[in-house]
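Biologist: I am new to this structure and would like a close look at a single part of it. Please take me through that part slowly, and then show me what surrounds it.

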Amino acid sequence: MNADLIAKYDGLRVPRYTSFPTAPHFGSQVQAADYLEWLGALPAGQSLSLYFHVPFCRSMCWYCGCHTKIVARYEPVAEYLDLLKREIDLIAAALPSGLPVRHIHFGGGTPTMIAPADFEALLAHVRSRFTVEPDCEIAVEIDPRTLAAEAPAALARAGVNRASLGVQDLDPTVQGAINRVQPYAVTESAVRALRRVGIDSINLDLMYGLPHQTPESCEESAEQVMELTPERLSVFGYAHVPWMKKHQRLIDESVLADSRGRWKQFDVIAAVLADHGYHQIGLDHFALESDPITVAQRDGTLRRNFQGYTTDGADVLIGFGASSIGAMPNGYVQNDPAIDRYGEAVRAGRLPIVKGKQLSADDRMRRDLIERLMCDLAVDLDDVAARHGVNAGLFAPDLDKLAPLAADGLARIDGHRITVPEDVRPLVRAVAAAFDPYLDAAAMRHSKAI
């Protein structure tokens with residue numbers, strides 16, 4: 001991408017489109033009673049995905065944008081586990097029996113702050129209430145700095161078969177500036193320990209746009225992690241939103257790269273990964289040729305949800321824990337992000353829903369459209385319209401909005417087929433935003449496009 005184009009789109013704020021409509025548009029009009037109705041109406045055989053949010057960390061990484069809380073004692077974690085089990089019971093009672101669970105994901109925070117024996121007990125409780133399929137993918141996010149020696153074996157016994165490890169950057173100066181000191185040897189040790197117990201599907205997270213990062217330091221970090229041969233990598237841009245996440249005020253803005261610098265950082269990471277045989281998946285994921293997510297992209301079955309790009313084809317994602325979001329054919333629901341209020345609701349036998357969004361027919365159609373753009377870098381509006389029983393002519397105003405971006409080379413418009421050229425792939429969110437009628441009302445809530 002040329003410098004003029006980077007300068008022109010510097011400052012544009014658009015969603016990451018892990019959902020549509022996006023979370024800023026959820027409201028109090030959807031409550032627990034609606035969710036219970038949606039759950040009870042699911043058809044027999046409907047496959048499920050489960051997400052568990054563990055909102056605790058040992059220390060705060062200053063770049064973090066997640067819902068998390070710093071704790072020094074285990075008691076709050078143990079109390080929270082009891083709440084998760086109670087919420088599991090509430091949800092299971094509302095669902096038709098026997099629905100198959102094909103994906104389970106533990107995110108945070110730091111899920112492996114859960115003591116190994118307690119983690120095994122939690123998954124045993126899940127299996128006692130849900131029909132977890134034998135080939136279910138069970139993934140857990142891990143902070144290598146706090147992974148207990150006995151944890152990998154416990155994770156394997158619990159059925160975990162995919163692990164996602166945060167690395168972010170290996171430069172000591174960058175690590176100091178984000179309050180996450182994690183030498184390469186710590187990450188290497190964690191990866192080897194996981195593989196020794198049979199957890200071979202390893203994802204690593206890298207970031208660009210962090211304080212003090214340069215293209216050279218990003219290239220060096222990417223080359224180092226290649227020694228670990230992860231199956232997948234996610235390469236996220238740091239979203240500096242100190243008005244939303246107050247701890248980000250501890251980051252010195254004067255040592256953050258501008259949009260041109262961020263672009264170069266991402267570009268060199270992508271080049272290193274390509275040189276080592278990784279395929280770019282959608283916006284910011286990379287995977288080896290044999291990885292199921294690469295196959296899904298080739299087959300046109302790649303999906304996108306709150307965990308990013310996935311092979312998960314389920315239309316029902318049930319979220320457990322404070323702040324977690326559930327996605328249903330009818331719409332979205334979100335749990336109370338405040339741990340104390342979440343706990344009060346669950347202890348009282350109530351689902352802790354505080355907001356959500358019921359989808360209109362137009363919302364469902366645009367969700368389909370935007371997901372295909374984000375996954376395939378292309379979409380056929382005639383196909384989308386046919387799937388939803390409408391005339392593609394209704395997209396005329398959206399095509400008018402897209403025309404200036406197409407003139408800048410961000411998209412090609414061939415009749416009703418939209419394609420994002422490879423050299424501007426990181427701006428695919430801007431193209432998707434042309435089809436988002438909700439965007440203007442919450443533009444400042446989102447991260448920069450570059």
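Which element gives the largest share of the lining of the second largest pocket, and how many residues come from it?

Modeller: Please keep in mind that this is a predicted model. The element you ask about is helix 12, which supplies six residues, the largest share of the lining of the second largest pocket. Helix 12 runs over 361–376, and along with strand 11, which covers 303–305, it is listed as giving at least two residues to that lining. The lining is made up of 24 residues in total, and those that lie nearest the centre of the pocket are Arg303, Arg304, Asp315, Arg367 and Glu371. Sorted by class, the lining has 12 nonpolar residues, eight charged ones and four polar ones, and the space in this second largest pocket comes to about 460 Å³.

Asn305 has a relative accessible area of 14%, and because buried means under 20%, Asn305 counts as buried. A polar atom of the Asn305 side chain lies 2.9 Å from the backbone nitrogen of Gln307, and, if neighbours within four places in sequence are left aside, Asn305 is in contact with Thr18, Thr310 and Asp312.

Phe306 belongs to the loop between strand 11 and strand 12, the latter covering 308–310. With a relative accessibility of 24%, Phe306 is classed as partly exposed. Setting aside its neighbours within four places in sequence, Phe306 is in contact with Thr18, Ser19, Leu317, Ile325, Ala327 and Tyr332. Trp62 is 244 residues away from Phe306 along the chain, and the C-alpha atoms of these two residues are separated by 21 Å.

In soluble globular proteins, nonpolar side chains tend to be buried together. Here the largest nonpolar core has 80 residues, and those with the most contacts inside it are Leu48, Leu50, Ile104, Phe130 and Ile318. Helix 3, made of residues 75–94, gives the most to this core, namely nine residues. Apart from this core lies another, of 42 residues, which includes Tyr17, Leu377, Val379 and Ala392. Returning to Leu48, and not counting residues up to four places away in sequence, the residues that Leu48 touches include Leu42, Leu95, Leu99, Pro100, Phe130, Ala314, Val316 and Ile318.

Key
Residues numbered from 1 in each chain as written. Predicted model: local features only at pLDDT ≥ 70, side-chain atom pairs only at ≥ 80, totals over all residues. Heavy atoms only, no water. 1 Å grid on protein atoms, 1.4 Å probe; cavity = no way out; pocket = protein on both sides within 12 Å on 5 of 7 lines; lining within 4 Å. Points joined across faces, edges and corners; volume = space filled by probe spheres on them. Helix = DSSP H or I, 4+ residues; strand = E, 2+ residues; numbered from the N terminus. Nonpolar A, V, L, I, M, F, W, Y, C, P; charged D, E, K, R; others polar. Core = buried A, V, L, I, M, F, W, Y, C linked by side-chain atoms within 4.5 Å. Buried < 20%, exposed > 50% of the residue type's maximum accessible area, 1.4 Å probe, protein only. Contact = heavy atoms within 4.5 Å. Polar contact = N/O pair within 3.5 Å; in protein donor to acceptor, adjacent residues only side chain to side chain.
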